[in-house]
Each structure stands twice: as C-alpha cells, then as structure tokens.
Amino acid sequence: MTTTPSAPSPAPSTALLTDHYELTMVQAALKAGTADRRSVFELFPRRLPEGRRYGVVAGVGRALDSFERFRFGDAELAVLRDGQVVDEATLDWLADFRFSGDVWGYAEGEAYFPYSPLMIVESTFAEAVMLETLFLSIYNHDSAIASAASRMTMAAGERPCIEMGSRRTHELSAVAAARAAYIAGFATTSNLAARQRYGVPTAGTSAHSFTLLHDSEEDAFRAQVASLGTGTSLLVDTYDIAEAVRLGVEIAGPELGAVRIDSGDLGVMAHKVRDLLDSLGATETRIVVTSDLDEHAIASLAAAPVDGYGVGTQLVTGSGHPTCGFVYKLVAREGDDGEMVAVAKKSKDKISIGGRKYALRRRNAKGVAEAEVVGIGEAPLDDGDDRALLVPLVRGGEVVGRESLDAARERHLASRNELPLAAQMLSKGEPVIGTQHV
C-alpha cells in the first residue's frame with residue numbers, strides 16, 4: 001500500500017511570544033481612541049555589558065521570520081478569550097491584526113555602541129507596541145551570543161572556532177546560538193537543526209562514551225577510522241594522552257586528520273602532543289582543544305600549537321553576559337495637531353532620548369571608525385568618509401531586508417575590522433568609539 005505524503009504543517013504563529021501587558025495596553029488605547037496615533041519606537045542599548053568595547057547585532061533575520069508569523073489565529077484567540085486577557089472588541093482587532101508600517105534597523109553583523117538606534121519602528125501605537133517583546137527577546141539573546149563569539153574569533157585569529165554548546169542551553173536557544181556564532185565568525189556548529197534551518201556548516205566525530213563503549217581504546221579508534229576515514233579527529237584524553245596519540249597514528253597513519261584534547265593544561269598538553277605527532281611523522285595532524293573555553297582562554301593559547309577551538313558553555317551564555325539589556329521605547333508620537341512630537345522616558349538611570357533617529361559610523365580618511373553619530377529628527381551630515389547604518393527591513397508591512405547568513409558574516413568582519421585597534425583588547429575598558437547625538 002502506498003501513502004500520499006501529508007502537506008507540511010504551517011509555521012506556528014509567534015503572536016503569543018509576548019507579554020500580557022502588551023495586549024492590555026492595546027485594549028486601553030483602543031478605548032481611549034489613541035491606538036491609531038502615529039508612533040515611532042526605538043530598540044537600543046543604554047550601555048554595553050560592563051567592560052565590553054563593542055557589541056554585535058544579531059537576530060535580525062530571525063526577527064523578520066518571526067514578524068511574518070505574528071498572526072492571531074483561532075488557537076491564539078481562544079487562549080486570550082479563555083483567560084479573559086482582553087475584551088471582545090480587542091479580540092476582534094487582534095483577529096484582523098496586520099502590521100502596516102515601516103521598520104529600519106542596523107544590518108545583521110554590524111557593530112553597535114551605547115544608544116545605537118538598532119531598530120526604528122514607524123507605525124500606529126497599537127501595531128508597533130505589539131512587536132516589543134518579540135523583537136527584544138530575539139535581539140537580546142542573539143546579540144549577546146554574537147558579541148561573545150566575535151571576541152572569541154578575534155582572539156582565535158586564523159584558527160577556526162567550533163560551536164558546540166547545544167547541551168548547555170535550551171534546545172531552541174541552541175539553534176539560535178549556533179546561527180549567531182556563525183555570523184560572528186565561527187566556522188561550524190555541532191547542532192544539526194542549525195544546519196537544517198539556516199545552513200550553518202556542521203562538524204563532529206565522537207565523545208568519550210564511544211571510547212568507553214569498546215573493550216579497548218584501540219578497538220574504539222579502529223572502529224572510528226574504519227567508519228569515518230583517516231581524516232577523522234580522535235579524542236585522545238579518555239585515558240593516557242600520549243599513548244592514545246601513538247595509537248591513533250599507528251591505526252590511521254600520518255594522514256590522521258586531528259586529535260582533540262578536552263582536559264588538563266591545554267597549552268602544556270598541546271606542546272607535548274605536537275612534539276609527539278611530529279616525531280611520529282604526523283606533521284599535518286591538527287590539534288583541536290576544548291574544555292570550557294572563553295575568549296580569554298583562547299587568547300592565552302595563542303602561542304600554543306593549537307589548530308582549532310571547540311567552544312560550548314561560555315559561548316551560549318554570552319561569556320558572562322547572556323543578555324544585552326536592549327530596550328524598546330516610544331520616542332515620538334502624533335500630537336493633537338497631527339505633527340510628530342518627541343517623547344522620552346526620564347527615569348533615573350533609565351533615560352531614553354526622544355525623536356526619530358538616524359545613524360552613521362563616522363570614519364577618518366583611512367576608514368577607521370571614530371564615532372557613532374546619531375541624528376535626531378534628521379540624518380547627520382556625511383563628511384565623505386562616513387557610513388550610514390540604518391537599512392530598510394520592513395516597508396508597508398512587507399519584509400524587504402532579508403539577506404543571507406554569509407552576507408551578515410562578511411559584514412561583521414568588515415565592521416569589526418574598521419574599529420580602532422583598541423577593540424582587540426580583551427581587558428575591561430570603555431566603548432572603543434563614543435556616541436554623539438546631533
């Protein structure tokens with residue numbers, strides 16, 4: 001008997017990935033007659049994580065995908081109705097919800113600084129406020145990962161970094177983290193869902209359990225080489241590292257692809273393993289190290305004969321800063337006379353700056369960034385060496401800013417390379433360029 005493949009399930013709605021109070025604000029605004037006031041919201045950071053010299057924008061593509069699925073269907077409306085979250089008039093409004101405005105933003109992979117206007121949302125109040133939680137949750141997570149990943153790949157130089165943090169975070173966060181890390185220069189990920197969804201290259205061979213499964217390390221190595229070829233990477237620290245290296249070269253020959261060290265003093269062991277490999281004729285066999293690496297540990301291994309780094313926990317937790325502290329604030333709205341009025345929050349330590357923003361990266365004649373220049377109400381003057389930062393993401397409710405991961409990856413490298421040399425310092429310091437409002 002043959003069966004007909006079923007149609008693929010539609011992508012799930014993202015409408016309930018939001019906070020209760022977003023909908024109650026809409027209800028109150030609808031009753032007050034202010035829901036349709038033209039408004040400008042801005043997503044921005046008040047500061048960088050303590051000691052960081054720059055940040056990296058990531059999550060733009062994921063935010064656009066989620067934006068397109070922000071629809072209230074019968075299932076979503078039933079949750080709201082059963083929970084008495086909002087009244088029937090608001091439910092009717094939500095059933096017909098379609099964002100009709102414009103969104104501008106920093107392109108994915110771009111560096112950012114305090115008060116960089118990372119996203120500008122122009123629409124009615126009700127339409128724009130609905131997207132607050134969704135955009136913040138994606139941007140705060142993905143940018144934290146990309147910012148940490150950028151420091152790691154910068155510390156690694158030409159040596160590749162492998163993302164392998166899936167087992168250290170939520171299963172869906174792991175996929176997003178792999179995507180963000182790739183944008184910031186990681187070469188591969190261990191996460192297959194990231195390969196499926198985003199095309200991120202994957203890599204992997206075996207864990208200690210594979211060695212322990214077999215009666216001897218020799219049996220394990222022979223099985224792995226027989227299956228994956230001599231170019232595979234052997235994990236050599238289950239028992240005795242030196243003995244495992246000798247055994248690996250004996251079994252695979254000098255064509256052995258790589259050995260991985262996952263414990264001990266990685267710098268010392270890398271030197272010993274390199275000497276041993278060379279003495280055995282395996283001069284092209286690479287050495288990959290893992291074990292709770294962060295950017296500082298990677299930098300400390302710069303002089304060691306290491307060929308690649310596997311990074312897990314520290315990457316998926318933002319290397320100590322798992323969120324960026326981005327906020328989403330109303331900065332302008334329509335007045336009674338129909339003109340736009342700048343508005344701003346003045347709370348202590350949590351101020352926002354009113355007005356629609358425009359931004360450019362001020363550069364000197366050599367192309368080195370000197371300042372983040374943010375215009376209020378109008379674009380700042382380009383002196384000829386500057387670079388505009390805001391690009392259209394959504395126009396008239398339709399996504400126009402989607403791009404490939406490789407484009408974001410290339411942008412990140414170019415953006416990081418134009419920063420002053422102080423950006424390469426991993427010690428705590430102030431943002432490498434200042435932000436000027438004009």
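Student: Which residue just after helix 1 takes a positive phi, and of about how many degrees?

Tutor: Gly 33 does, with a positive phi of about 80 degrees. This is a predicted model, where local features need pLDDT of at least 70, side-chain atom pairs count only at pLDDT 80 or more, and totals for chains, interfaces and linings use all residues. Residues are numbered from 1 along each chain as its sequence is written, and side-chain values use heavy atoms, without hydrogens or water.

Helix 1 runs over residues 20-32 and has 13 residues. (Helices are DSSP runs of H or I, at least four residues; strands are E runs of at least two; both are numbered from the N terminus.) From first C-alpha to last, helix 1 reaches 19 Å, close to the expected 18 Å. That expected span is 1.5 Å times one less than the number of residues.

Next, the buried side. Glu 22, Leu 23, Val 26, Gln 27 and Ala 29 are the buried residues of helix 1. (Buried means under 20% relative accessible area, exposed over 50%, partly exposed in between, with a 1.4 Å probe and protein chains only.) In an α-helix, residues three or four places apart point the same way, because there are 3.6 residues a turn. The cover over the buried residues of helix 1 includes helix 3 (74-82), helix 4 (88-95), helix 5 (125-129) and helix 6 (132-156). (Contact means heavy atoms within 4.5 Å.)

Now the wider chain. An automatic or database assignment sets the domain bounds. Domain 1 takes 20-145 + 321-437, and domain 2 takes 205-306. Their centres, over C-alpha atoms, are 45 Å apart.

Look also at strand 9 (residues 258-261), which holds Arg 260. Arg 260 counts as buried because its relative accessibility is 15%. Its side chain makes a polar contact of 3.0 Å with the side chain of Thr 290. (A polar contact is a pair of N or O atoms within 3.5 Å; within protein, one must be able to donate a hydrogen and the other to accept it, and residues adjacent in sequence count only if both atoms are side-chain atoms.)

Last, the cysteines. The structure holds 0 disulfides (a disulfide is a pair of cysteine sulfur atoms within 2.5 Å). The sulfur of Cys 161 has its closest cysteine sulfur in Cys 324, 19 Å away, so the two are too far for a bond. Cys 161 is buried at 2%, and Cys 324 is buried at 7%.
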